[in-house]
Amino acid sequence: MTGSIGLGLIGCGIISEAHLKASAQAKGLRLAAASNRSEARLQAVAERYGIARRYRNWQELLQDHGVDAVLICLPEGLHEEVSVEALRQ
């Protein structure tokens, strides 16, 4: 594999911490962008994991050309819409 896969994090809640820790240690991955409705939570998580590009909604994150794959860390009832839209990108 050449280069790295840019991950976009959708949802910066408690469950995202485990995914971020694992992703930060994985070879060939880089944390490219994050989105969250809460500005304070978004900034805290992005600062902790060195994520430069930050969005207040997931639709904008999906338009980021540096994002190759997404981690969907939202409540279960929100996964379907986000997953389907991510696959369309």
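Hi everyone, let me start with a term: two strands pair if DSSP finds at least two bridges between them. Strands here are DSSP runs of E with at least two residues, and helices are runs of H or I with at least four, numbered from the N terminus. What you see is a predicted model, where local features need pLDDT of at least 70, side-chain atom pairs count only at pLDDT 80 or more, and totals for chains, interfaces and linings use all residues. Residues are numbered from 1 along each chain as its sequence is written, and side-chain values use heavy atoms, without hydrogens and water.

Now, the sheet. Strand 1 (residues 5-10) and strand 2 (residues 29-35) are paired in the parallel sense over six bridges. Along that pairing, leucine 7 sits opposite leucine 31 of strand 2. In total, four strands form an open sheet with parallel pairing, in the order 3-2-1-4. At the edges are strand 3 (53-55) and strand 4 (69-72), each pairing on one side only.

Next, helix 1. Glutamate 17 belongs to this helix, which spans residues 14-25. Is glutamate 17 buried or exposed? Glutamate 17 counts as buried because its relative accessibility is 16%; buried means under 20% relative accessible area, exposed over 50%, and partly exposed in between, with a 1.4 Å probe and protein chains only. Which residues does glutamate 17 touch, leaving aside neighbours within four places in sequence? The partners are Arg41, Val45, Arg48 and Tyr49, with contact meaning heavy atoms within 4.5 Å.
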